[in-house]
Amino acid sequence: MELTEFGFGGVSLMDRERVAFAINTADSAGKPSSKRPEALLLTDSRIIHLSGNEKQRTAVIASVRDIEAVEITSNREGYSAYLWAALAVVLSIVLFGTIENTGVKLASSAIVLLMGVYLVINQVTEPGKPTAVFRAGGSEIKWEFDYGENSEDVNSFINRLYQIKESSVNHSGAPTNFAPR
């Protein structure tokens, strides 16, 4: 089965493998809705995370049986905002020292300094983007999503994942209930 309906032409599933649940950024015609298409697919045996266009495609695949845990966390952007804020402080000092007109000196330095303050405040108060992390052994599949519309999809995806995992354990002959001793 080709995955063109999810925006990924040239990628196919194994024989008799079917998609049980999908979260993607493509429209119904399979055209990516962004410059960097992304899809999280749950098949009856694997989780597949595809991202990027044809030239820079990334795929992370894990077996459903190998999934040990799923974590939903808030993902911060990193330390780049602090670096830009520090640069704004340095630039405001340089502007204050080099501009001769007092009014322009104070206004330009204050504007640049306030931009740096805004970056720090935004970094501290911004909750970060929610991310579902699927752990399988030493590898992880990370799926960033929006709080509103995709939260229900992610919860449904996780529930379906554990349903498939449970049914694969039951079909493998392993006992589901243990007798007390």
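Analyst: Two strands count as paired if DSSP finds at least two bridges between them. The model here is predicted. With that rule, 3 strands make up an open sheet, ordered 7-8-9, and their pairing is antiparallel. The edges belong to strand 7 (67–75) and strand 9 (139–144). Each has a single partner strand, so one side of each lacks a neighbour in the sheet. From one strand to the next, the twist averages 20°.

Now the pairing of strand 8 with strand 9. Strand 8 covers residues 129–136, and its antiparallel pairing with strand 9 runs over 6 bridges. Ala 132 sits opposite Trp 143 of strand 9.

There is also an open sheet of 4 strands, in the order 3-4-5-6, again with antiparallel pairing. Strand 3 (19–24) and strand 6 (58–63) are at the edges. Each of these has a single partner strand, so one side of each stays without a neighbour in the sheet. Here the twist averages 10° from strand to strand. Strand 4 (residues 38–43) and strand 5 (residues 46–51) run antiparallel and are joined by 5 bridges. Ala 39 has Leu 50 of strand 5 as its bridge partner.

Next, the helices. Helix 1 spans residues 80–98 and helix 2 spans residues 102–125. They pack at an angle of about 170°, and their axes are 8 Å apart. An angle over 145 degrees counts as roughly antiparallel, so helix 1 is roughly antiparallel to helix 2. On the helix 1 side, the contact includes Ala 81, Trp 84, Ala 88, Leu 91 and Leu 95. On the helix 2 side, it includes Leu 106, Ser 109, Leu 113, Gly 116, Val 120 and Gln 123. The residues of this contact divide into 15 nonpolar, 5 polar and 1 charged.

Helix 2 gives the most, with 3 residues. The lining divides into 2 nonpolar, 6 polar and 4 charged residues.

Terms used. Residues are numbered from 1 along each chain as its sequence is written. This is a predicted model: local features need pLDDT of at least 70, side-chain atom pairs count only at pLDDT 80 or more; totals for chains, interfaces and linings use all residues. Side-chain values use heavy atoms; hydrogens and water are left out. Helices (H or I, at least four residues) and strands (E, at least two) are DSSP runs, numbered from the N terminus. Axes are lines fitted to C-alpha atoms, for helices over the stretch in contact, and angles run from 0 to 180 degrees between N-to-C directions. Angles under 35 degrees count as roughly parallel, over 145 as roughly antiparallel, 65 to 115 as roughly perpendicular and the rest as oblique. Contact means heavy atoms within 4.5 Å. Ala, Val, Leu, Ile, Met, Phe, Trp, Tyr, Cys and Pro count as nonpolar, Asp, Glu, Lys and Arg as charged, and the others, Gly among them, as polar.
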